[in-house]
Every structure is written in C-alpha cells, then in structure tokens.
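Subject: Structure handover

Hi,

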Amino acid sequence: MDQQKPDLEQLNTDLQAAIDVAAGLDALDAVRVHALGKNGVVTGLLKTLGKMSPEERQVEGPKINGLRAEIAAAIESRKSALEADLLAARLSSETLDLSLPPKEMPKGSIHPVSQVMDELAEIFADLGFAVATGPEIEDDWHNFTALNIPETHPARAMHDTFYFGEEQQRDGQPMMLRTHTSPVQIRTMTSEKPPIRIIAPGRTYRSDSDATHTPMFHQVEGLVIDRDIHMGHLKWTLETFVKAFFERDDIVLRFRPSYFPFTEPSAEVDVGYSLKDGKRIIGGDPTKEDGGWMEILGSGMVNRRVIEACDLDPDEWQGFAFGCGIDRLAMLKYGMDDLRAFFDGDLRWIRHYGFSVLDVPTLSAGVGA
Ligand code: PHE
C-alpha cells in the first residue's frame with residue numbers, strides 16, 4: 001500500500017476545467033480521448049480496479065466509476081452547448097432575404113399585353129373594381145341576344161363572327177368565339193347581385209386581319225351597376241383611368257355620340273395627342289398644330305333592355321359600361337407600330353418589348369415601366 005493514491009478530486013477538477021474551456025467540438029473530443037479513450041487517464045484508473053483486493057475495490061470502484069460517469073456527463077452537456085452555439089451562429093449568418101432580387105435574372109419576360117392587363121387591374125382595383133372573367137367560346141344569347149342584339153340586327157354582321165358548326169350548338173344555340181368582352185357584363189349581372197363594379201380583360205375574336213387588326217385581340221370591359229349612376233360617373237372614371245394609365249395629368253378626353261345596341265346613350269371616347277420630337281404622344285394639347293384625337297374606347301349607359309334581360313329592375317339599377325382594345329393601349333403607351341408582331345412569337349420582339357418578371361406594376365411605384 002505504498003503506492004500513492006491518485007487524487008481523484010484533483011483529477012475531476014482538472015478534467016472539468018479542460019471540458020469547460022474546450023472552445024470547439026474538436027478540442028472537446030481531445031479532452032474526451034485524454035480522459036475516457038482507450039489510453040485515457042480515467043480508463044487507466046478503471047483498469048487498476050482489477051488488481052485491487054475486493055475490499056479496496058469496494059471502496060475505490062464506486063469512486064472511479066462515479067468519476068467516469070461525471071466526466072462523461074460533463075462532456076455530453078458541453079457538446080450540446082457547443083452544438084447549440086454552432087447552430088445559432090449558422091442561423092444568424094445564413095439568413096435568406098426573400099425580398100432581394102435573384103442573383104440570376106429569370107430568363108422569360110412579360111408580354112406587353114399581360115403587362116397592360118396587370119396595369120389595368122391595378123388601376124381599377126384602386127377604384128374598387130374586381131376582375132371578372134368569362135368563356136372565350138360563347139353562346140348566342142350571351143354574346144348577342146342579351147346585349148340587345150337580336151338575330152336580325154345589323155350589328156351581328158358588323159362583328160365578323162367566327163361561328164362553330166351546327167353540330168356544336170348547345171341547347172339549340174349557335175356557339176361562337178366571343179366577338180367582344182361584353183358577354184362578361186351579362187355573366188356578371190346574372191350571377192352577382194348589384195352593386196357591381198368589374199373590369200373583364202381577355203381575348204376576343206373577329207374574322208379580320210391587317211396591320212391594325214388580328215383575328216384574336218384583347219379587350220377590357222368595364223361595368224358599373226348601382227343606384228343613381230349617371231354619365232358623370234362614367235366620364236370621371238374614364239378620365240381617372242386614362243390619366244393613371246398614361247401617367248400624365250394633361251390628358252383630355254372627347255366624348256362623341258355613337259351607337260351600341262347595349263348602351264343608351266352611347267359615346268365613343270377619343271384621347272388627345274400632341275407631337276413631341278416628331279413623335280405622337282398621348283397628352284398635351286390636341287388642338288395645337290400636329291395634335292389630334294385618337295379613338296380609344298366605346299362606352300355608354302347600360303341599356304335598360306340589357307338590365308331587364310339579366311332579370312334586374314332597370315328602374316332600380318342603372319349603370320355604365322365601356323369596352324377598350326388592350327393591344328392598342330399597349331401600342332400607344334409602349335410605342336409599337338405593328339399589331340401583328342404582338343402574336344408572332346418572335347423572341348427578338350419579346351426581348352425588346354417584354355417586361356421584367358420582377359417589374360410588377362403597382363400604383364405606389366408607378367404602373368409604367
Ligand atoms: N363591345 C363594344 C365593342 O366591342 C365596346 C363597348 C363595350 C361599347 C361596352 C360600349 C359599352 O366594340
């Protein structure tokens with residue numbers, strides 16, 4: 001019994017201190033190997049138990065095993081703490097700001113027609129209008145009859161309609177590609193209760209083709225149905241819309257008496273343009289030399305026969321409607337001169353005239369590009 005007894009308490013204190021100062025997982029593992037590894041100091045002590053007398057072992061066994069358990073537990077808890085620190089550091093350094101633009105720009109671009117539709121939705125949403133849609137394949141009643149265009153009406157011939165064959169009739173009705181977005185007026189009035197405030201942008205079709213007409217084109221319909229609506233509301237709404245769209249205050253509109261079966265009275269609306277640097281621009285003084293008027297839309301007070309066709313009482317509900325070519329709006333705002341190029345699918349054209357995917361029109365940031 002001359003052999004000096006190892007000071008377990010001192011060893012415990014030293015090891016605990018080494019564990020506490022271990023600055024990383026590697027340093028901590030070195031402490032673990034030094035204490036509990038195959039040739040570790042605590043492992044060495046455990047080995048001495050075999051050579052002890054049973055009495056001695058009964059005293060020293062629990063002490064050495066207790067030391068081993070304490071050190072193992074201390075290493076485990078230090079390990080958890082270090083791992084938590086590491087995770088916290090990673091979380092704070094690897095933040096992802098989803099509001100930042102991507103490092104690599106998206107390859108595609110937004111077609112001017114889509115861009116203008118988004119701009120329209122943004123402008124009219126601000127005025128309390130919802131966006132409505134309807135089918136592009138329409139029946140006779142929605143496209144014509146309910147809009148006060150009976151079968152014999154000359155306006156039917158004006159529309160150059162693409163009809164489907166007789167075998168495609170539905171409920172005995174001729175079917176067609178809609179010639180305008182006005183059937184969405186009917187679909188909205190028959191499915192929703194007034195007050196109604198909607199715009200309906202979408203594709204329309206007429207058998208027509210030259211530099212300013214394509215068989216498929218785009219319109220936006222506007223419809224307001226409420227009590228005591230009059231032409232002043234129509235005029236203010238259109239002026240507000242056109243000024244917001246072209247982002248100019250010096251825009252004048254001219255209302256010309258016109259005729260549409262579904263509105264009474266009806267007005268075609270012209271926008272004033274002027275000449276700047278040899279180019280026609282919307283806005284300015286149309287009465288000046290080189291200035292003039294350009295027709296941009298048809299409008300009017302909804303004909304009471306249309307309101308009746310939708311089972312609403314025209315003495316209670318009135319409203320206004322307008323229809324406007326979207327492609328033409330895009331051409332005027334963004335300076336294209338050939339409508340056919342809109343639908344050619346030429347990548348060079350879309351790269352030149354297309355809009356960034358990230359450039360979402362908002363009223364606060366501007367609906368222009
Ligand atoms: N639907 C008409 C057209 O295509 C436009 C219009 C809509 C006119 C609504 C008046 C009211 O020409």
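This is a predicted model: local features need pLDDT of at least 70, side-chain atom pairs count only at pLDDT 80 or more; totals for chains, interfaces and linings use all residues.

Residues are numbered from 1 along each chain as its sequence is written, and side-chain values use heavy atoms, with hydrogens and water left out.

**Overall form**

The protein has 12 helices and 10 strands. Helices (H or I, at least four residues) and strands (E, at least two) are DSSP runs, numbered from the N terminus. The radius of gyration is 39 Å, well over the 21 Å that the globule rule gives for 369 residues, so the protein is more spread out than a compact globule. That radius is taken over C-alpha atoms, and the rule is 2.2 Å times the number of residues to the power 0.38. The C-alpha trace spans about 125 × 55 × 45 Å along its principal axes.

Buried residues make up 40% of the 369. Buried means under 20% relative accessible area, exposed over 50%, and partly exposed in between (1.4 Å probe, protein chains only). Contact means heavy atoms within 4.5 Å. Among contacts between residues at least 6 apart in sequence, 67% join residues at least 24 apart.

The protein exposes about 20900 Å², with carbon and sulfur atoms supplying 52% of it. These areas come from the Shrake-Rupley method with a 1.4 Å probe; for residues, only the protein chains shown count as cover.

**Helix 11**

Helix 11 (residues 326–334) is mostly covered, with seven of its nine residues buried. Gly335 follows helix 11 and has a positive phi, near 80°.

**Backbone points**

Two peptide bonds deserve a look. Pro194 and Pro195 are joined by a cis bond, omega about 5°. Pro195 sits in the loop between helix 8 and strand 4. The bond from Glu264 to Pro265 is also cis, with omega near -5°. Pro265 is in strand 7 (residues 263–276).

Asn148 is not a glycine, yet its phi is positive, about 65°. Asn148 lies in the loop between helix 6 (140–143) and helix 7 (154–158). It counts as buried, at 15% relative accessibility. Glu247 is not a glycine either, and its phi is about 55°. Glu247 is in the loop between helix 9 and strand 6 (253–260), and is partly exposed at 44%.

**Single residues**

Thr179 lies in the loop between strand 3 (175–177) and helix 8 (183–191). Its relative accessible area is 0%, so it is buried. Beyond four places in sequence, its contacts include Asn143, His159, Tyr205 and Phe217.

Asp208 is in the loop between strand 4 (196–205) and strand 5 (216–226). It is partly exposed, at 29%. Asp208 and Asp160 are 48 residues apart in sequence but 7.2 Å apart in space, C-alpha to C-alpha. Asp208 touches Asp160, His213, Thr214 and Pro215, not counting residues up to four places away in sequence.

Finally, the cysteines. The structure holds zero disulfides (pairs of cysteine sulfur atoms within 2.5 Å). Cys310 is buried at 5%, and Cys324 is buried at 0%.

Best wishes
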